[in-house]
Amino acid sequence: MARIQSGDPLIDSVSKWVERNRHNPNFKFVLGNRAYTADELLDNIKKNTPEGQEIRKMILYAATDMLLG
Amino acid sequence: MKALADYQHSDLVDAAAVRSTFEAAVKASDPTLLVFYDHGSEDAWWGSDGKKLMDYSNVGLVSGREVYTMACLCARKLGAEAYRKGCRAFWGYTEPFSFTTDQEAVFGKLANKGLLLNIKKGKSWAEAVESVKAAFTDEVDRLQKEGGNGWAVVALINDRDSLVCWTSESQPPSDCPFRRAGINLFGRPGQRMTKGSAVAMILIFTLYFTALYGYIDLMYSQYNKMVLDMGYAAFLGLFLAEVLMIHEYMKSLDRK
């Protein structure tokens, strides 16, 4: 099992994903009227901004749907 | 097959996509369907000038028409209000619309699919919603099998589940207890009852039964037994008239 570094498994998973996908600078996640790079996604989640909270909610919703839906 | 461009239509783009031009165009061309591709919020569509293009104060413009939009969030409140004002179908999203740039073509196809199914294939809005949601799920399955981008999967699932089309078969929910009671009692027309009319109905029946109770009490104390009197016939007539009035009012709301 992967070692949890931040105490927040979601942040750790997103951090790993960002590291793995740095080679794809064209990637952006568009939410409403804003586009986020991979680093901005991680930053917003880490800082728990309103946008980060919304993104976290979306990830958890999708994960729950995939596991239990 | 008829191309979309062959349908009679008016386009409002860039500087023309503002409130005054929009209102004038709807009144002039009297469209059956409005399609909006720009930013939205819970209670408004936003124009290219950064101001509200449609909100509660001019949402009556879509009465008797159908609406198709991918604007974020607007189905939640603006769409619900549009339906209550007589919009025949409001297609939209109750959450922010999201996508990833590496799968932009897929999201674009899904965002337009419902419109094409309705216009070109003749599917009802309810059938189109079902088909589009199934298409979202197919893309989720495809990406998972291919080990594709997880962010695209997150966006697909959230978009799929926030997609709604408010019609008489799928009506918007309401937070208002009076409106909920109205919907339970009268169905679709209950969505369109105003607060004033709901309060008036409650008052009419409360006062009616208070007056009836007072009258029965008076008659009983006077004769020490129940006697038939013209007053009872008047109360019965009044009750039937009130029920008929409410029935006609609800029918008029349903026709809007």
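**Exercise 1.** Which residue of chain B forms a salt bridge with D65(A), and how far apart are the closest N and O atoms?

*Solution.* The model is predicted: local features need pLDDT of at least 70, side-chain atom pairs count only at pLDDT 80 or more, and totals for chains, interfaces and linings use all residues. Residues are numbered from 1 along each chain as its sequence is written, chains are lettered from A in the order in which they are written, and side-chain values use heavy atoms, without hydrogens and water.
- Apply the rule: a side-chain nitrogen of Lys or Arg within 4 Å of a carboxyl oxygen of Asp or Glu.
- The partner of D65(A) is R160(B), with the closest N and O atoms 3.0 Å apart.
- Across the interface of chain A and chain B the rule finds 2 salt bridges.

**Exercise 2.** Describe the extent of the interface between chain A and chain B.

*Solution.*
- Count contacts (heavy atoms within 4.5 Å): 21 residues of chain A meet 20 residues of chain B.
- Take the buried area, the accessible area (1.4 Å probe) lost on putting the two parts together, summed over both.
- This area is about 1700 Å², and carbon and sulfur atoms give 67% of it.

**Exercise 3.** Find the strand pairing between the chains.

*Solution.*
- Strands are DSSP runs (E, at least two residues), numbered from the N terminus.
- Two strands pair if DSSP finds at least two bridges between them.
- Strand 1 of chain A pairs with strand 7 (residues 98-100) of chain B, antiparallel, over 3 bridges.
- Within this pairing, F29(A) has T100(B) as its bridge partner.

Technical notes: Helices (H or I, at least four residues) and strands (E, at least two) are DSSP runs, numbered from the N terminus.
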